Amino acid sequence: MDTLSRRRFLALSGGAGVAAAANILSVTDIAEAAITRPLPSGTPILVVITLYGGNDGLNTVVPYTDSLYYSLRPDISYAADKVLPLDSYLALNPAMTGIKNLWDKKKVAIIRGVGYPNSDHSHFSSMAIWQSAERTQTTKSGWLGRWVETQPEDPLLAINLGSVLPPLLVGKKRSGSVLPLGGLITPTGSLARDCSRLSLPSQGESALAARAATSLRNLLNISESVSPVLKAPAPAATDLPTVNGGNAGGDNNLSQQLDVVAKLVSAGAPTRVWAVSLGGFDTHANEANAQSELIGIVSNSVTRFLSQLEPSGRSKDVTVLIYSEFGRRVAANASAGTDHGTSGPVFVIGDRVQGGFYGEQPSLSNLYKGDLAVTTDFRDIYASLLEGVLKTPAGQILNGWKGRITSLLRT
Amino acid sequence: MATLSADQERLAISRLFHRYGFGPKQGEFEKALKSGFEATKKNFLTKPTTAQISADLAPITIDDLGPRPTPGTFANTEYAIKIRSQIKEMTLWWLDQMVTTDYSLNEKLTWFWHGHWATSVEKLNFALPMYKQNLTFRNQALGNFSALSKAMYNDGALQFWLDGQENTAKAPNENLSREFMELFTLGVGRYTEEDVKALARVFTGMQVQRTNGITTFNPRRHDNSAVTLLGTTQVFSAEQAIDQLVGRDDSSRFIYERLWYRFISSTEDMPINLKRDAFAGRDIYAAVSDLVGSQYMYSPQLAMVKSPVEWFVALCRALNITPSTTKNANAILGSLQKLSQLPFAPPNVGGWPAGELWLTSASAQFRLTLSQAILKNTDLADLKRVAPGQRVKYLQDLLGVYQWSKRTSEALNVARNEPERLMLLAINSPEYVVGA
């Protein structure tokens with residue numbers, strides 16, 4: 001699923017009859033709220049990272065001492081001396097040094113074999129199931145959209161970075177909001193003065209015209225009240241790891257998204273759920289380099305993000321969830337890639353997380369139609385995060401779902 | 001109609017141009033003020049014939065691209081490029097059409113129906129089916145709603161968009177049938193889940209050729225059993241089922257609600273007792289004419305926000321800019337995308353939102369940026385010929401604005417000696433972005 005098809009997915013599945021339209025926010029809206037009604041320190045925050053396209057789980061968490069791994073994917077396996085061992089059987093992809101560092105500090109939970117029953121190999125259906133947390137296609141709300149509806153109304157409660165609302169945040173009547181990227185240019189000089197004249201209140205004008213004037217005024221306010229947040233350099237990240245001797249820098253879209261989130265979280269935005277994403281994981285051909293590069297981006301971006309949050313003290317409040325719609329087929333295909341598979345590992349990262357492995361590792365010798373078994377239902381993770389991070393009973397949001405990942409979070 | 005005051009006349013004419021069309025072309029508004037609302041309305045309500053509609057169309061050729069070449073080949077890359085360029089060309093074609101058309105009302109209803117039967121090229125991936133759907137809207141925009149509904153059932157783009165080709169007797173898919181009732185003909189809550197299932201069975205058997213939108217009916221995939229739809233049990237053809245839906249009073253109410261929401265007010269509710277007699281025969285033209293003749297043309301407090309496309313097309317019409325031929329074609333499409341409104345790509349089957357969702361700070365900024373880019377390449381010779389002291393008044397008529405507020409007049413007067421700056425402020429003013 002490239003960027004294009006990710007947009008198609010969003011257009012399509014965000015679609016089918018969504019009742020509640022997304023609020024489109026500007027950074028100003030959020031930064032103003034961060035100043036006027038900051039999130040109380042110590043309030044837990046959930047950051048959801050969606051990997052579109054189906055990340056290859058076996059080349060993310062690698063069974064590096066299993067001979068079947070090497071015989072099933074001769075051209076796209078990682079040698080045992082290149083990977084980053086977690087125990088005697090599993091290791092991280094060589095590009096994931098950042099997450100390995102966090103693992104060593106016991107901040108990373110890896111839940112193995114995660115999926116849903118009767119796997120569907122379609123990107124669209126699978127992603128729809130993951131984002132709605134429902135098996136039926138008729139569901140038109142996302143699991144976090146339904147969470148939004150359990151909370152007092154606040155357009156800043158749950159925000160997606162990017163201009164299209166993912167189904168994840170769609171509620172039946174109310175939804176999360178979107179923050180388009182790259183909208184930080186504000187009028188300056190004489191244009192700013194002109195706009196400021198145009199934005200004055202005018203007696204007797206309609207509520208909508210007044211709203212149009214206010215939107216111009218808010219745009220200008222960026223340079224006053226909000227510049228401390230936006231213009232300041234990204235919070236210092238002193239303990240960034242380096243990759244191949246270079247720095248782990250932010251020149252890709254995911255780290256840009258997380259940079260904005262880091263600034264706004266540090267400033268005290270009253271937002272409890274952030275959604276960001278990275279596409280391109282649909283590695284049907286010539287997989288090894290592409291997937292490694294992408295998962296490296298994820299690892300570096302997340303590490304950098306958590307590090308940026310440290311000066312403000314918010315890093316201890318943030319829990320990061322990383323998932324993809326499915327893993328990939330165990331055996332490589334004829335194009336040195338892999339086709340759509342079933343289960344894969346899910347990462348939950350943060351100070352509040354009890355680091356370690358959860359769920360059973362699916363066996364390579366016991367495949368079902370060439371695919372890994374699903375050993376953990378994805379809803380177990382959602383339920384644990386709803387209750388452990390968002391402090392909301394999961395039953396009403398997940399249709400009475402009973403499963404949990406025991407002791408995933410510190411109490 | 002009661003005799004209107006000069007202010008009411010001006011308001012009614014401004015609403016006529018901006019809501020039932022895409023804004024006045026240069027000189028049109030002034031001329032309309034002279035001839036008065038009644039005469040302008042009569043002229044505006046001219047319903048074009050099919051021949052006139054096709055003569056009004058800018059030429060465009062969109063080929064059927066046929067089957068996709070083998071992945072990884074050069075031909076496949078070319079094919080992918082062709083897909084993108086067709087979509088781009090088609091999008092600019094429609095924007096051009098909105099700007100240049102002589103039949104504003106028909107064009108505006110074409111746009112209305114696109115937002116109503118909202119289908120996106122993002123899923124279709126091919127331009128041709130979307131283009132054909134657009135021609136259907138165009139030819140039936142002011143026709144009969146029952147006929148339009150049947151044409152849309154047979155439309156390849158809509159069928160594919162809502163998984164009609166997946167809907168078979170063995171495995172019914174309810175996507176199309178649900179939206180047909182919820183979003184297209186009745187409105188939510190005016191049918192039951194059982195009706196959705198029943199209609200899905202009636203609708204089984206359609207197949208779509210994705211590259212060209214040609215639909216065929218496959219009897220082997222069709223469920224021909226009797227169903228109970230909205231209280232009637234029989235074997236329905238799709239056409240009979242659509243007649244059953246569209247014939248209901250709920251359908252008349254729903255279409256009036258949608259017209260109200262897009263043409264009169266997205267914030268005030270439609271009066272529950274609004275007369276809907278004009279739509280008794282499901283004649284769209286009669287219903288729209290009825291609204292254009294109503295008090296809602298000049299009654300206060302019914303401000304409407306221009307959506308990004310409406311705002312952009314209106315300024316192109318006033319400034320005589322043809323989008324595809326400017327140096328800014330890419331900037332235009334990019335900005336409309338940032339503003340979340342590209343023709344042929346509605347966000348979902350519910351169409352675009354309306355009202356204050358378009359009034360965020362981010363939208364304000366994107367409008368400013370786009371207008372700066374356009375004005376850089378636009379000759380404002382006519383404005384320059386007007387004496388500076390007259391320019392603010394001149395722009396009020398050129399743009400078809402009801403009234404500048406004191407605030408906006410003052411802001412514009414400060415800039416009156418600099419035509420480009422003056423125009424930039426006028427088209428980004430609250431009075432232009434939001435119509436009185």
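Student: What percentage of the residues in chain B are buried?

Tutor: Buried residues account for 52% of the 436 in chain B. Keep in mind that this is a predicted model.

Student: Fine. What average pLDDT does chain B get?

Tutor: The average is 94. 100% of the chain B residues score at least 70.

Student: And what ipTM and pTM come with the complex?

Tutor: The predictor gives an ipTM of 0.92 and a pTM of 0.70.

Student: How many helices and strands in chain B?

Tutor: Chain B has 23 helices and 6 strands.

Student: Contacts next. In chain A, what share of contacts between residues at least 6 apart in sequence join residues at least 24 apart?

Tutor: 75% of them in chain A. For chain B the figure is 75%.

Student: Let's do helix packing. At what angle do H1(B) and H3(B) cross?

Tutor: Roughly 15°. H1(B) covers residues 6-19, H3(B) covers residues 37-44, and their axes come within 10 Å. That angle makes H1(B) roughly parallel to H3(B).

Student: Left-handed or right-handed crossing for H1(B) and H3(B)?

Tutor: Left-handed.

Student: Which residues meet there?

Tutor: H1(B) brings Glu9(B), Ala12(B), Ile13(B) and Leu16(B). From H3(B) come Phe37(B), Thr40(B), Lys41(B) and Phe44(B). The residues of this contact split into 5 nonpolar, 1 polar and 2 charged.

Student: Another pair: H6(B) and H8(B). What's the packing angle there?

Tutor: About 125°, with the axes 8 Å apart. H6(B) is residues 104-116 and H8(B) is residues 127-140. The two helices are therefore oblique to each other. H6(B) passes H8(B) in a right-handed crossing.

Student: Over to chain A. How many residues of H2(A) are buried?

Tutor: 8 of its 10, so H2(A), residues 27-36, is mostly covered. Among the buried ones are Val27(A), Ile30(A) and Ala33(A), along with Asp29(A) and Glu32(A).

Student: What about H11(A)? How many are buried there?

Tutor: 10 of the 11 residues in 378-388. H11(A) is mostly covered too. The buried set includes Phe378(A), Tyr382(A) and Leu386(A), and also Arg379(A) and Asp380(A).

Student: Buried or exposed?

Tutor: Ser206(A) is buried. It has 20 other C-beta atoms within 10 Å, and 20 or more is the cut-off for buried.

Student: What is Ser206(A) in contact with, leaving aside neighbours within four places in sequence?

Tutor: Gln301(B), Ala303(B), Val434(B) and Ala436(B). Those contacts of Ser206(A) are residues of chain B.

Terms used
Residues are numbered from 1 along each chain as its sequence is written. Chains are lettered from A and ligands numbered from 1 in the order in which they are written. This is a predicted model: local features need pLDDT of at least 70, side-chain atom pairs count only at pLDDT 80 or more; totals for chains, interfaces and linings use all residues. pLDDT is the predictor's confidence in each residue, from 0 to 100. Axes are lines fitted to C-alpha atoms, for helices over the stretch in contact, and angles run from 0 to 180 degrees between N-to-C directions. Helices (H or I, at least four residues) and strands (E, at least two) are DSSP runs, numbered from the N terminus. Angles under 35 degrees count as roughly parallel, over 145 as roughly antiparallel, 65 to 115 as roughly perpendicular and the rest as oblique. A crossing is left-handed if the near helix is turned anticlockwise from the far one by less than a right angle, and right-handed if clockwise. Two residues are in contact if their C-beta atoms, placed from the backbone, lie within 7 Å. Ala, Val, Leu, Ile, Met, Phe, Trp, Tyr, Cys and Pro count as nonpolar, Asp, Glu, Lys and Arg as charged, and the others, Gly among them, as polar. A residue is buried if 20 or more other C-beta atoms lie within 10 Å of its own, exposed if 12 or fewer, and partly exposed in between; C-beta atoms are placed from the backbone.
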